[in-house]
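Hi everyone, thanks for coming. Let's have a look at this one together.

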Amino acid sequence: MFIEAYLLASLLSLVNGQKVDCYPAKIFLHPGQDRQTVVITRTGDSGVTGEVLNGAKFTTVPPGLVEVKEGIAFARKNGEGKLVVELDGKTIGIPCVVKGMDLPVPPVSYSRDVLPILTRAGCNAGKCHGAAAGKDGFRLSLFGFDPEGDLFRLVEEIPNRRVNLADPAGSLLITKALGEVPHTGGKKIEKGSEFHQLLVRWIAEGGKNDPAGLAKPVAIHVGPPALVLEAGAQKHRIGVTADYSDGTTRDVTHLCAFYSSNDGAATVGQSGEISPVQRGEAFILARFATLTGGSSVIVRPANSQFRFPSVQANNYIDELVHSRLARLHIAPSELCSDSEFLRRLAIDLVGKLPEPDEITAFESDKDPQKRAKIVDRLVNRPEFQDIWIMRFAEMLQIRTANGTSPKGIGRYHDWLRSRVQAGASIDQVIREVLTATGGTFEKPAANYYQTETTPATLAENVAQVFCGMRIQCAQCHNHPFDRWTMDDYYGFTAFFAQVGYKQAADPREITIFNRGEGEIEHPLGNKAVTPRYLGDKDLSAGSTDRRELLATWLTSKDNPFLSRNLANVIWSHFLGKGIVEPVDDVRISNPPSNPELLDALGTKLANYRFDVRKLAIDICNSRTYQLSGVKNQSNKLDSSNFASAAVRRVRAEVLLDCISQVTLANSKFPGRPDGSRAVELLDGRSTNHFLTTFGRSTRETPCACEVKLEPTLSQALHLLNGENTTGKINQGGRVKKALQAGKKPRAVADELYMACLARRPSAGESAKIDEMLSKSKNIPEDLEDLFWALLNSREFIFNH
Amino acid sequence: MIHKLVTMAMLFLAVTTVMAAPPSVESADPVCAQVGQNFTLTITGSRLSKPADILFYRPGVRLSKFTTVDDSTLKVELVSSPDAPLGAHPFRLRTEMGASEILQFHLALNPVIYQKTGNSSAAKAQPVTCPCAVTGNLGEGEVHWYAVTLAKGQSLVVEAEGMRTGTAFLDTHLEIRDPSGKLVTQADDSPLTRQDALAEFKAASDGKHTIALRDSNLGGSDNASYILHVGSFFRPLFMHPAGGKPGFTLKTNGYDSTGARPVELKLPAGAQGTIPVWLAGPDGQSPCPNLVRVTNHEPVLEPQSTPPAALPAAFHGIVAKPDEVDSYRFTTRPGKPVAVQMWAWRLGSPLDSVVELIAEDGTVVATGDDGDDHDSQLVFTPRTAGPFTLRVRDQRGQGGPGFFYRVEIGEDQPHLEVFLPRPNRLSQTRQVIVVPKGGRVLAGFGVRRSGLEGYAQTEASGLPAGVSMSSQPARPGIYIMPALFEARADTLLAGALCPLKVTDNSYPGLSGSFRQVVDLVAGPADSIYQAVELDKLAVTVVPELPFSVDLVAPKAPLLVDGQLYLKVMINRKPGFDGPVEVTAPFLPPWVEAPEKVLAGKGQNEVNLVLTALPDAEPASWQFAVQGSAELDASGTARCASRFVPLTITKPLLQSGPQEVIAEQGGIARFRFDLAGDPERSALVPVGVTCRLLELPPRVADLPVTLQTSGKRVDFSLPVETDGPVGTHGNIVCALEMNLAGDKFVQYVGRGSSLRIDSKGATSIGPDGRPLSRLEQLRVKKAKSSSPKP
């Protein structure tokens, strides 16, 4: 979508077998816009791009329309024609319009010029005057989200000091920025520079706000949108063009602030020049006014002789992953073994380990489709639903909070379980949750409105959980690294402004209803805010329950937010990492590692009517999912393009269930029937020491980060000393039972290996086991020690 | 030897007069018996070894025999008459030392079966025969399984009473499985039975069906008792219309899952309010009641076809569909407040009502959502006769065939009732009047009044022989009235449940009665899941106490902004010399007293100082104090004084505050000019001692004596050289007086202050008076702004 939205990449030609792209696709110069950054990019057979800065010749038809100097076209006379780029004997024409050269130079604009300069110079950054309390007695709104307030503080708060109309050049705004007087921030602009002149001219012209109705920027485009550079190669510029509300465009490259997401791969200068450093990927973020855009950059090793290996693509997933890997010059790992696959699949799909006899049968199965068959079998087991009920419960933050009673939470969880088991898709569940009306006992989905109760938090959670977007920043200021403004934030919050709460009949119960009245006030101006979908315009809700409108919009098949986000969540569950990572931090400055793959998965999920089972089958059948965790030379540094299997620590609930499973010892959880599994725990707050230690989500926030998968020392100590290893080994008595059933000690050892690690002991391990058994004075005890060691092995607690 | 005998005699005397505490009960098991049968309750608690009686709040059950197991266990054999009312029977156990807290048992129509240990799975389900009432205790995490054999097509109703037993928090959940083990229905809460589960279904096949009963969250406890009614009886989920006029025959319908069944109910002529009715059908009588309203409102049934109804009227309807709004019209008398009371949730309807009153011009004149409970209520005063339109809808926009309601509209009537305020929340502490033989005890009755502004007076009837009660009226605006219960010395140890009658002299002819809500199962915060309403006050007579208390009637008045020292005499019987705490539980408004005054070991007299704040109103009161002593480890014995007259009068003398300035080492000179009504000033006795209170440290506290007819009090108080510099406020002058041996005090000059300057720092004005801070600043400014020479 990002690339589709980019309007400039229209000039394509082949010059000496190489593809040449020119940016922008069209030049439009007019008063207030007398320049245009022109970027000529050449793409070779290898896919590597490079900027042609000096090798091209620029002329215009008719002649003299513009003059191109150092890659920037300047207007010279009115007219309409073409900018002709001549390169290696070939020419390309870029439509070019120049108007208004005979008109007087327009006054400097506060919003078009002054505020972007302040942002570009960093004056309104969070560490400077954009801090909540300002800096050194002068406060600006963070990144200029409050232009009116900033103008007041610049001009009126202390008259004739920061802006001195009688002595524009002597204004503190100027002298501080030039570093001519003591300034904590130091020198921010050069004396005599364009910025300096514009600021002085603005003050000289009265230091005024813009006249009402002045066109505002509505979008920016960065070109080229994607680059493949070789490490250490020459710099490559990007240009930024803004669209204004009156339909005009403007080159704002010189007014943008640029940031690189990965300086190790590529850095960016303040004029938008990208320097490739070493192999890797980076996203170059450009920010102008309240708008953000960017360009993704791949940096390959210089002079790479890489050839993508010939590997089979099992389905569309593999095709898109392989395509990406080929561009990155990364080869995928080999396929994993059958036992590795089965263990990985069982943990991911049903939260259990395969039983030894299942492993043996699978390994000996000669059917080439056996992997697909086992996937089909496992996704149809009830435990598959348990896993996703748990995941949804995390997304819905099902926990006792804000006075929710255990009964309400129990009913909420039971409702979710019954809906999933009845075949309800995620979008249906979300719709029922968002529009829930009634008592939290009688309509359990209404508990969603009790676990969080403020419109702001509800809106933030919906955005984060269902759209994967964190809009919290925009509560206080426009999002610095994303598109969301305060108007977006409060417009989205307004969907929850009329949620009513009242005590229900049971003292533990709350009734949720649509009040049909009540508004959210925008903190800037204190005016009632009209509901607005994310990325959309204000809408008229009338008397309709606003939550109905929101649910309809959110779960619409055409709304990419939900489907892509949920597809990403599902992908992350199986691959250990999201295509956008973290999964709930979708933003312009955190682009997907494989946008085409994310789009495809999102479209598939929407077409599957949000049936997780079907997408899980696609994913598990892909070669990408079935890769080995052993890396090769080309992918050893890669962690985001799914070139090898990610080794993941098994999440807390599943790990505890696996320990219970292999030790044959059930866990007992408060308020749950005997034999319940940890994945069935209904309340985020009902936990035990093991689950806490291993990072079970408390569901306090919608953040995906609540599930902690990082190994810690306390986890190791818990397994070494805790009741859940030794205690369960004793409680279940697996070893003793096997010996009593007549199994030979060595067979018992093999069974333990198969149960815990889904494999037999290696030759080296076998030798040690034989030696131990031959010297053993207490076979059961020594076998239990072996069992304990297996449970403490990394191979057991990781999914690989 | 003689000495030893005397000592032993004293010990014996002490033992016979020591009072133990009343019995305390925890549970009565089983919680259910079949009506018309003899049954035995096992009561557990403490101090149960000397049972005397059972005080039943409802008729139909009598005590047959006590069998004491030990001090904490008592078996009680009871006999139920065949016509005993079904449902809960609250009672108290009485011993010689008083009456216990409330417990209750239930009478069921059908045979009672006891749960057998071990029915913890479907395979071990306990067989039961329909119809029956199974009773047991559901421990934490337990699931009790029962098996019932049904024929294909046979209907089965299973109704659990968990919370309604009033024993413990038990939120029941029911599941019924067919012979194959398949879950056929489950039930949790219902609008009619609240947290108690009610399930019904029709058997699709012959065979053994199983019923699983558990707590909704697998909770439970050793005391969590339940009654499980199992049978094929008629169990209406609601009645519509759900009310009528007393003495009339109500033609209504009972609705169960199969639809409506016409029912005719003869409403008791003397009834007013909400009454339970057990409806019967061809399949048998419902094991639990439905509720019906009996009032004088004229019934109107939806849709209203007649002209606007005259008040009082009761509108009966059903919000049958989602978003449905029902409307009714009625006329009023202008200026007469009209009360609208919704009866829906309280009768077992799922309706979450909202009511709106619309004037003829379409304006909304009043709206009501939840009132004191989940049903809507409002009061409005119409300016015209109307007609007005009443609209009824569901707050959630829900509706359905069971969303029935009755709205009672009538002119707002005054209301009056009396109760015993509880000293502790969610507790039955001190809910029984315990009168010692030959002694008195104070109780405070609370009065709930609406629309009344007079003096409320309470009378008791049915008191134990030899016991009398005298109560002081509750004045307008005061909700508490002290009452003194007194037992003659020759009274027998006894107990009774006594009706009370309360009247208000501003509304002759109106009376109210005693209504006490006793919490049985409490929920979060102050919420109550199960309570029992009592209409009689429990009064017991217990053995004589080894002490009594007398309050000496004061001859001196309690002056507004003054104090009065009351003399309290502790009369000790030989052998008792323990400490006695004296309290004044009931004080006039704006009068304070210490929380307690302790008469120490052997002490026979204490002073209780009453303080009348400046806002106190001059008035005459009847006043009493109460003494309490810990006679043994099990409780507190209380004994009150008689009422004595207490007069609060206006101040005798008054004086304004003084602002005095003195230097360290100097003299602080206070001068209070006393003014007052000549007649009242003349009442000032001779020999008044005047004392300044709240003086800062290191300022001499030198009282002075006010001469007869003195109009001024002068204090000259030396300030030490290190007296604390600064302004010290809140100084007041106390005029201490005596009248016929009663000490009383008048405060004057309240809010006076003393500013202490360091030596030499005080500026003296031209009039020789020390200057205030402001005056000093003015002088300083005047000096600085004057032209320099």
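So, one term before we start: the radius of gyration here is taken over C-alpha atoms, and the globule rule is 2.2 Å times the number of residues to the power 0.38. By that rule a compact globule of 789 residues would come out near 28 Å, but chain B has 35 Å. Its C-alpha trace spans about 115 × 95 × 55 Å along the principal axes.

Quick housekeeping. This is a predicted model, where local features need pLDDT of at least 70, side-chain atom pairs count only at pLDDT 80 or more, and totals for chains, interfaces and linings use all residues. Residues are numbered from 1 along each chain as its sequence is written, chains are lettered from A and ligands numbered from 1 in the order in which they are written, and side-chain values use heavy atoms, with hydrogens and water left out.

What is the secondary structure of chain B? It comes to 3 helices and 66 strands; these are DSSP runs numbered from the N terminus, helices being H or I with at least four residues, strands E with at least two.

Now zoom in on strand E18 of chain B, residues 207-215: 8 of its 9 residues are buried, meaning under 20% relative accessible area with a 1.4 Å probe, protein chains only.

Technical notes
Buried means under 20% relative accessible area, exposed over 50%, partly exposed in between (1.4 Å probe, protein chains only).
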